[in-house]
Each structure stands twice: as structure tokens, then as C-alpha cells.
Amino acid sequence: MAARDRGELTVDEAGGEPLGDTTRLRLGLDVDGSVLRFRYDTGPGRRPLGPALDATVLSGEHADEMEGERIRALGFTGAFVGLWAWVLTGGGLPADFDEATYRTQGLSFGSGPGRRVAGRRPLSGDPSACRRARRFGVSEHRSRPGRRRPHRPPPEPAVHILLVASAFNSLTQRVHVELRDHGHTVAVELALPERPLAEAVRRHAPELVLAPMLKTAIPREVWAAYPCFIVHPGPFGDRGPSSLDWAIQRGADRWGVTVLQAVEDMDAGDVWASADCVVPPVGKSDLYRGEIADAALTAVLLAVERFASGTHTPRPQGPAHAEYTPVRIRPYLDQSVRRIDWDADSTETVLRKLRAADSQPGVLDVLCGAEWYLHGGHPEGGLRGAPGELLATRAGAICRATKDGAVWIPELRRRRAPGRPPTYKLPAVQALGDRLPSLPELAAPDSADPRRRTWTDIGYREEGSVGVLSFSFPGGAMSTTQCRRLLDAYRQACARPTSVLVLGGQRDFFANGIHLNVIEAAEDPAAESWANINAIDDLVEAVLTTTDRLVVSAVAGNAAAGGMMLALAADEVWCRAGAVLNPHYRLMGLYGSEYWTYTLPRRVGAATADRLLGEALPMSAASARDLGLVDRVVDCGPGDFAAEVGRLAARLAALPGSPSRIAAKKAELERQECGEPLAAFRERELTRMRRTFDDPDAPYHALRRAFVHKRRPQSTPPHLGLAATTAARTAAGADRSARARVTGTALEDLSRRPDGWYQES
């Protein structure tokens, strides 16, 4: 790492990074307030390079050279950042950027195909040693005071894309929002047995068909007439319907995603793009929404860019190709392979099997005299018992012994009986009910001991003046009990001597609102709905009325409905770049609560709030930041988010202006209470919600049952089509999201049939 300040060169020869045989890498420059850091990425993930630097020396107020109180020489009067590729070996090798991007509050990356030797050498040598050095700089000009016009790279050619999917699941939503952000027009068509896909595709007349998550084959009449790309969650040469399951169960440490063209044989078409990723020890759904989704978007955007260029030739998978990779066809991973042998399997083996099936299909097992699917698995290092024995409970989960340890299992699903409706997941303790033997309920572990290998869904830790209250509920749903426990933990965190409190900040979901499965299982779903919405409102109220510290919502993953409104209750919302946000309720037939009538218009204005609720479409973190819904986008991998948030929160706590902000928020709340108190917003919202809950004919009840039982929709929801695109775009032009390509507005009349709008896979 070398730095030059007013002509003086300093070199940290120990700060280099050996790159081995790497011939392509991404360079990043992160300018965040007064802190500047370099990063690089060779594939496994973005890594910091060198120490944090002072970015303020680039600004005009620090550039003048002073001699006492007299200006000796004038310096720069405008800030700039840039990247420069330079081979320092003297070998005349090419060092060039083949792409460069700039994002506000994010990272600026360039990548080069030229060879690069290992670091650990001083910055010296003749610039002529670089055969081709192209400089990329980003500056910001002000045409009028207060109005900034950042230079942006030219947009890529827009493509009319039809997404074909079995459900509008998390990955399909992520692809949907990212393609819109890149300027493409996007429509969605669900692949349903009752609806001929070929007819739907002809109606949309797309330039490209893209399948982010498809459980059935694209018909020949479609892929023969239109370019069709399949997103396969496996590396180059991998084939089969259970690729990701096999990767987790076999303990792979790296995996990948491939975008290939549809042909007669499944996963056998030419490859347009691929990207790899690490496989951390997490459940399949967490991995799918995190590292796999990030890799998928890298591959999808590259594939679409190559398709739009009209010049790219995809790579065949056949043995005749010069770079032939052997094909690995993996069979469907059925329950005979997933089965756990509690007497023989080690804890790590049990965990891999549970994680490989945590969302679907679960691991079939016998427990308390009945057959259940086990969902989710976390290690326990302190409890022991006979293999298969139930040892304890905690926060609705059960702890079960293995031959050399124990595991926590948060959720169970009863095996479906012949002729009976589909079953659904519930907290394990609730699912077992009276079958559960008397077991000790263990309190949450002491977060001060990070060496303890155990599990809990709510945790708290402190780092200096920063407190972090983390929580992780399966599927992001928050039951009445979970809301009350989180509220208790929040109040305890507020009793600690911190100036910044971070809410969230781990991996995967932030929150999705009330727990529809628990509500459906209740003896009186209307009464449980009412209890649940009041419990989450109590939590949001506590956040809104915290006046002795700054509260930050750290949104690591997706957030929707009441969970999104919980995030908005904080003073600042920091969101991982890969998160997908759904700030609306109406697709579940609800008006909504959680003080949204106060927090949402406060951030984006009444007109934009109405538009977001009416369109009922997902949005990216970047689009949410442009609207003002999110304050900061943290561009990092899922595994790095917690550390990045901790660093940013520590800096926030150390800022000289933070105490005055805390005093100002207290004064603002007092003014609000003197005008229109928060209780008035809550009362109006809950009046509408109570009317819905108490009406057995309200669409909410049918929509909830359809969602919980995963009933297949009869048609693609109209708001996901392209028919209303023009009207939606015109409406979007009135606010800061005018750049986003939206796909239509929801209809005024809400169908009581399931629409498959949101499903996690």
C-alpha cells in the first residue's frame, strides 16, 4: 500500500497481498464520509486492502499548503476518487479495466484481464512499464449550489425480458428488481399447469426469456422460438434438480451459479455466464438468499449484458469444446439419503443433513410417536444425552442429542396424511403440543462468552458505546410470543449505557411481519391476528419513542410488510446491497399497522407512500435509498455485513454531532406528541385491522390460508405483468425512483385467491 500526499511518498511494504496466479481481479474504492478504504476481489469475496485512510485530504479545505497563518500555495478545490491499474514488474504486461462502475454510498469497481503478479513490493518503476494504463476517475460537479450531478457510466442497452418462474420467490424478486434497476423492462409469468406457457410467452413477445427458479422444463415450442436462459444453482458442468442440497449435504466449501440456454436436455445448454461463491455453514434457504443469490445476480447481469451486445458466443458444454468440463449429473436427493441415523451420524453430519433441507423438504423423522419433517439445525456444545433423546427447549425450539453432541431444531412439520390438506411448519414446541415430554426450558446464553457453541434467536452484545440487538426468526415471521420476547430484550438493551443501538445486523431476513402460520394454527385465528399485530405495534412504539440514543436498523436480508415498517421506526436504516424490500401489505388483504401511516410518509412523502402500497412490488436496496426509504446501502457479502455494521456504528457513536442528534430527536418527539400523538396513528390503523380480522368474509382469511398451505395460484397476478407499465412509469417519474423500470400497478380489487406473490424457496 502506497500513499502520496503533496509529493511525499510513503510505502507500506508489508501491506501487499500475494495474488498468485490470479489474472483477473476487481479493485474497489470505498469513500464513506471521512474514511477511505481500498478493496479487492479475486472471486471468494471482497477483502479490505491496507488501512483505513483519511478521505478529507482530498477536499479543498485541506489542500492548501500553509506557512503559519499564510497560504503558501493553493491546492485542489474539488474532491475526486479514481482507480488506476499499473503493472510494476517491468515486464510490459497489459493492465487494463474492462469495466468500471460508480455507485453513491457504495463501491466503485474496475476489473482487468491483464496479468498481475504478487504484491509485497514498493511502488516504484517507470510508468512506461505499463503497456496500456487507462485511468478511470469519477468527479462530481455542482451546476448550482446544493444540486449535484454525478457522472455515471453510460447505460447498457435495454432488453425486454420475461421472467418465467414456478413462484415469485426470493431469487425471482431479486432478479426482477436488479434488472429493473439496470434499465430493462421486466414482466413475470408464473409457470402453471393450467396455463399454457407458450401462449403466455407469445403474448409478452419478449426479447429474452429468463427463468430464475423453475421446477419444470421450458417447452420446446418456447425455447425454439425465443432465447431462454435458465439460472441453475450449481457450477459449470453441474446438472440435476437438487444441486444445492447435495453441495450442503456433502460439505462443499465452494459452489456456484450458471446461466445457460434452454435446450431439450435439462441443464445441458450453452453457458452464457457463471459465478462462484463460498458455502458458509448455514441453512439452504439462508445460503440461497445470500451467497447464491449474489452469485446468481453477477451471472445474470453478465449474461444479459452479453446477450444485449449481440456479439457474444456462449460456451458449449460438450466434450468437443477446448475447455471441456466433465458433466456431473446429480439425482434428486430423496428422504432415503436425507435420513438421519441418530446412533451413527456425528453432529456435523446431522447438521449438514438438516441444513440441506431446512426450508424444503425438511428431513423426515420419527419423534414422540409420530412422523415429522425437521426444519433447521444449529449446534449445541454443552448438552449431552442418548442419541435421539430430547434434552431441552428454548424459544420454541427443541434440543436433540446426537452421538457426540446435540442440535437445536427450531421448526417441525407433520407428515401429511392421505386425503388430508398439506401441513405447514410451526415452532417445534407448538407443533408437538401435548406429545412433548416435560423438558427444561433453557434461558438464552450469555452473549459475553462467544466460545459457547449454542443457539438462540435473540442475542445482545456490546462493543464500546454500541449495543447490537440481533434476532433471527425462521422465515422472518414474528409471532406474538417472539415480538414480546424481542420487546423485552429491546428494553433491556435500552437500559445499557450505549449511545447507539443496532437492531438486527446479522444474516438473512430482517423481518416479514406477523406470523401467518402460527395464526392459522390458532383456535381463533382472528383473535391471534389481533394479538400478533398489537405485539409488533408495541415493539415498533418502543423503537419510535427511544430518545436517549440513536437506533439503527441493520437490514441484512429481505424485509416485507410489518417487518419493513419495524425497520423504518429507527433513526437510520442501513441495508445490505443484496436485500429485497416489500414495503406493502395489500397482497395479503391488509391495511397494515406498525405505525406505517407515520413512518412511511415521513420518509418518502404521502404520494410516494401511496404509490408503493398500491403497486405492491419489491424494490432493491439501491432504489429504496434513492427514495429515502433507506439511509445507507452496505455493499458487502452476507458474511461481512455484521462486521461492516459494527464498524459504521462505532464511527456513528464517535461523531461529535451524535449527542446533538439525540437531543434533537427527543425534542422532535415532544413536538409530535403536542400536535398529532403517535397513539392517534396506531388507533386509526388498528381500527381498520380489527375490522378485517373480525370479518370472516374479508379476503385476508382466504389469502392467509392460501399462503400458509402453499396453494398454487390459478394465474399470474396482474401487477406482475407488463400491461400497466406505462402508467406505473409515469407515476414513478414524480419522485426520485423515476429511473427504476417498474412492471405495473396492482388492481384496485383484491382477489381472494392466492397469487403466489411471495414465496421463499
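Predicted model: local features only at pLDDT ≥ 70, side-chain atom pairs only at ≥ 80, totals over all residues.
Residues are numbered from 1 along each chain as its sequence is written. Local features need pLDDT of at least 70, side-chain atom pairs count only at pLDDT 80 or more, totals for chains, interfaces and linings use all residues, and side-chain values use heavy atoms, with hydrogens and water left out.

## Salt bridges

Side chains of opposite charge can pair when their charged atoms come close. A salt bridge here is a side-chain nitrogen of Lys or Arg within 4 Å of a carboxyl oxygen of Asp or Glu. The whole structure holds 33 salt bridges. Three of them are tabulated below.

| Pair | N to O distance |
|---|---|
| Arg576 and Asp294 | 3.0 Å |
| Arg400 and Asp365 | 2.6 Å |
| Asp537 and Arg682 | 3.8 Å |

Helices (H or I, at least four residues) and strands (E, at least two) are DSSP runs, numbered from the N terminus. Arg576 and Asp294 meet in a salt bridge with closest N and O atoms 3.0 Å apart. Arg576 sits in strand S36 (residues 572-576) and Asp294 in helix H6 (residues 284-309), so the pair ties together parts 282 residues apart in sequence. Buried means under 20% relative accessible area, exposed over 50%, and partly exposed in between (1.4 Å probe, protein chains only). Arg576 counts as buried at 3% relative accessibility. Asp294 is also buried, with a relative accessible area of 18%. Both residues belong to a network of salt bridges that links Arg174, Glu178, Asp294 and Arg576.

The side chains of Arg400 and Asp365 form a salt bridge at 2.6 Å, N to O. Arg400 lies in strand S25 (residues 397-401) and Asp365 in strand S21, so parts 35 residues apart in sequence are tied together. Arg400 and Asp365 are both buried.

Asp537 and Arg682 form a salt bridge at 3.8 Å, N to O. This pair links distant parts of the chain: Asp537 is in helix H12 and Arg682 in helix H19, 145 residues apart. Asp537 and Arg682 are both buried.

Two strands pair if DSSP finds at least two bridges between them. Four strands form an open sheet in the order S21-S22-S27-S28, with antiparallel pairing. Strand S21 (363-367) and strand S28 (426-427) are the edges, each with a single partner strand, so one side of each has no neighbour in the sheet. S27 and S28 run antiparallel and are joined by two bridges. Leu412 stands opposite Leu426 in S28.

Strand S27 (residues 411-414) also carries Arg413. Arg413 is buried but has no salt bridge. Lys and Arg count as positive and Asp and Glu as negative; His and the chain ends are not counted. The nearest side chain of opposite charge is Glu411, 8.9 Å away.

What does the side chain of Arg413 reach at 2.7 Å? The backbone oxygen of Pro361. The Arg413 side chain also makes a polar contact with the side chain of His375 at 3.3 Å. A polar contact is a pair of N or O atoms within 3.5 Å; within protein, one must be able to donate a hydrogen and the other to accept it, and residues adjacent in sequence count only if both atoms are side-chain atoms. Contact means heavy atoms within 4.5 Å. Not counting residues up to four places away in sequence, Arg413 touches residues including Gln360, Trp372, Tyr373 and Tyr424.

S35-S37-S38 is the order of an open sheet of three strands with mixed pairing. Strand S35 (559-560) and strand S38 (619-620) are its edge strands, each pairing on one side only. S35 pairs with strand S37 (residues 580-582) in the parallel sense over two bridges. Ala559 has Leu581 in S37 as its bridge partner. Helix H2 (residues 170-181) packs on this sheet and touches S37 and S38. The direction of H2 makes about 95 degrees with that of S37. Axes are lines fitted to C-alpha atoms, for helices over the stretch in contact, and angles run from 0 to 180 degrees between N-to-C directions.

Strands S29 (residues 458-463) and S30 (residues 466-471) run antiparallel, joined by six bridges. They form a hairpin with two residues between them. Gly464 in the turn has a positive phi of about 65 degrees. Glu463 stands opposite Val466 in S30.

## Helix H20

Helix H20 (residues 699-708) has buried residues Tyr700, His701, Leu703, Arg704, Ala706 and Val708. These pack against strand S33 (513-514), helix H11 (516-521), helix H12 (525-544) and helix H19 (678-694). Just after H20, Lys710 takes a positive phi of about 55 degrees.
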